[in-house]
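Please look over the chain shown here. The report below walks through its fold.

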Amino acid sequence: MRKISKSNLLCCIFALFFLTSCKTYNISILENGDLLFVPSVDSGLSGAINNVTQTEKKTSYDHIGIVKKEEHHLYVLHAAPKGGSQKQKLNHFLKEQTKSGRAIDVYRLKSAFKSSIPASVSKAESLIGKPYNFNYILDDNSFYCSDFVERAFRDNQIFQLEPMTFVDPKTGKTNAFWEKFYQDKNLKVPEGEPGCNPNGLAASNKVYKVGELK
């Protein structure tokens, strides 16, 4: 029997670990212009966003991106605190967004609105390079995630801006997280100002859930 060297054994162990640690996703369901919604967690900024943006559909999302199919490659166009408005390879996006074991929900425009996808994806690409909007108050020079997506589809009125609220539905008062968040920035809580959020976009009657990336 051929003797296996120590170095070869280590290489085999590393290769086995690499293969078993690489998660594969059912990305075959994805189409150009699909929307990827990332479920929220219960704490920090994610929990605070979800706390004040729940809809009748009871969705719990804190991030959203647009799928861009480019020949045989898949990308996600989105705005994130790290990197601002960007075009990111799908596998990198999934690796970052599923660290907490969160599955990604896939939504798609209904047939009547699919004709708007090419122009909307092109619009999203034109926004790449803009910084992230850390104030969550609409600004033409920086964008937060749902703001980025709403703007991309705005010409076709797929989504609507609505008055923002930062009130905790359980107490009827401004959520403590947001009160401190804006206080630290020396800004007034933008209660009632126009804006959008991932839960609101998911509630649009022009989109439907296709499935999950899992």
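**The chain overall**

This is a predicted model. The chain holds 7 helices and 10 strands. Of its 214 residues, 43% are buried. The chain exposes about 12400 Å², and carbon and sulfur atoms supply 54% of that area. Among contacts with a separation of 6 or more, 70% join residues 24 or more positions apart.

**The sheet**

Six strands form an open sheet with antiparallel pairing, in the order β4-β3-β2-β1-β5-β10. Its edge strands are β4 (84-89) and β10 (207-213), and each of these pairs on one side only. From one strand to the next, the twist averages 30°.

Strand β2 has β1 and β3 beside it in the sheet order. Of the 10 residues of β2, 8 are buried, so β2 is largely enclosed by the rest of the structure. Strand β1 (residues 35-39) runs antiparallel to β2, and 5 bridges join the two. Strands β2 and β3 also run antiparallel, joined by 5 bridges. Some of the bridge partners are set out here.

| Residue | Bridge partner | Strand of the partner |
|---|---|---|
| V38 | H63 | β2 |
| K68 | Y75 | β3 |
| E70 | H73 | β3 |

Strands β2 and β3 form a hairpin with 2 residues between the strands. There, E71 takes a positive phi near 55°. In a regular strand, side chains alternate between the two faces of the sheet.

**Helices on the sheet**

Which residues of helix α4 are buried? Helix α4 spans residues 117-126, and its buried residues are I117, S120, V121 and A124. Seen down the axis of α4, these buried residues fall within an arc of 100°, so they line one face of the helix. An α-helix has 3.6 residues a turn, so residues three or four places apart point the same way.

What do the buried residues of α4 pack against? Their partners are β2 (61-70), β3 (73-80), β5 (104-109) and α5 (145-152).

Now take each helix against the sheet. Helix α5 lies across β1, β2, β3 and β4. Its direction runs at about 45° to β2. For the sheet itself, the strand order is β4-β3-β2-β1-β5-β10, with β4 and β10 as the edge strands. Helix α4 packs on this sheet, touching β2, β3, β4 and β5. The direction of α4 makes about 110° with that of β2.

**A residue in the loop**

Where does I137 sit? I137 is in the loop between α4 and α5. Is I137 buried or partly exposed? With a relative accessible area of 23%, I137 is partly exposed, since buried means under 20%.

I137 also has partners beyond its neighbours within four places in sequence. These contacts are Y144, Y182, L187, P190 and E193. P194 lies 57 residues from I137 along the chain, with 8.1 Å between their C-alpha atoms.

**In brief**

Strand β2 has 8 of its 10 residues buried.

How values were computed. Residues are numbered from 1 along each chain as its sequence is written. This is a predicted model: local features need pLDDT of at least 70, side-chain atom pairs count only at pLDDT 80 or more; totals for chains, interfaces and linings use all residues. Side-chain values use heavy atoms; hydrogens and water are left out. Buried means under 20% relative accessible area, exposed over 50%, partly exposed in between (1.4 Å probe, protein chains only). Helices (H or I, at least four residues) and strands (E, at least two) are DSSP runs, numbered from the N terminus. The arc is that of the directions from the helix axis to the C-beta atoms. Contact means heavy atoms within 4.5 Å. Accessible areas come from the Shrake-Rupley method with a 1.4 Å probe; for residues, only the protein chains shown count as cover. Two strands pair if DSSP finds at least two bridges between them. Axes are lines fitted to C-alpha atoms, for helices over the stretch in contact, and angles run from 0 to 180 degrees between N-to-C directions.
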